[in-house]
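Let's take a friendly walk through this structure together. Have the sequence and the 3D view at hand, and we will go from one spot to the next.

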Amino acid sequence: KSIPIGLPYDKGYIYILPESSRHLLEVLVSMYPNGVYEPFVNANDPRHTYYFAYRVPREDYLRTFELYGKIGFSAVYYAGKDWEGDPVVRRVDPLIMFAWHIAPVHGVFSAEWKGKLKAPENGRYYFRTESNEFSEIYINEKLVYREKNGVEGNGFMDLEKGEHSIKVRYYNSRTHAGIKLMWRKPSDASFGILMPKYVRPE
């Protein structure tokens with residue numbers, strides 16, 4: 001597993017990641033559409049990429065920084081797996097895409113994310129999670145997907161263009177914790193990460 005390294009440079013900001021984290025490139029491109037991808041290849045074997053950089057122009061970085069807290073999910077983390085008691089952590093998470101080595105709450109914990117989903121078109125939307133234990137998705141207060149020893153729910157809902165409520169719940173009682181929220185819009189050919197620009201905190 002890896003953590004992106006973000007470093008300022010003379011024209012903006014640069015993220016440096018191992019090739020094993022190429023899936024994060026989709027997130028970076030969505031957040032910074034004017035960025036530039038640069039692979040670091042093995043000099044003895046140019047076919048093999050060890051790391052890659054993503055250079056973000058200063059204007060893009062500042063624009064995204066100004067949006068912090070205005071896009072993404074309202075997140076609440078609890079001790080225990082029942083979403084009860086006083087919250088241990090409250091914050092805004094830009095997207096739900098985690099593989100924690102150090103979880104936000106020590107031991108068994110649960111998390112709940114809420115927001116307003118911006119549907120860009122009319123049609124059928126598909127939702128799913130990839131998690132290590134329990135997770136579920138509600139759209140307009142209706143359960144559409146639950147993952148626990150199998151999948152419950154059809155995972156889709158017909159939505160009109162505009163805002164809709166979304167809630168995602170998760171708990172973890174194991175050593176390694178992780179969850180990823182995916183969706184597919186009517187015009188998409190495949191699932192992708194639900195990006196911050198499509199959600200605002202509740």
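Predicted model: local features only at pLDDT ≥ 70, side-chain atom pairs only at ≥ 80, totals over all residues.

Trp-83 sits in the loop that links β5 (73–79) to β6 (89–93). Its backbone deserves a glance too: Trp-83 is not a glycine, yet it has a positive phi of about 55°.

Now move along to Asn-140, another non-glycine residue with a positive phi, here about 50°. You will find Asn-140 in the loop between β10 (134–139) and β11 (142–147). Is Asn-140 buried, partly exposed or exposed? With a relative accessible area of 35%, Asn-140 is partly exposed.

Which strands pair with β15? Strand β7 (residues 97–100) runs antiparallel to β15 and is joined to it by 4 bridges. Within this pairing, Phe-98 has Ile-179 of β15 as its bridge partner. Strand β9 (residues 123–131) also pairs with β15 in the antiparallel sense, over 6 bridges. Here you can look for Tyr-126, whose bridge partner in β15 is Arg-184. Finally, 2 bridges connect β15 with strand β16 (residues 192–193), again antiparallel. In that pairing, Met-182 stands opposite Ile-193 of β16.

Key. Residues numbered from 1 in each chain as written. Heavy atoms only, no water. Pairing = 2+ DSSP bridges. Buried < 20%, exposed > 50% of the residue type's maximum accessible area, 1.4 Å probe, protein only.
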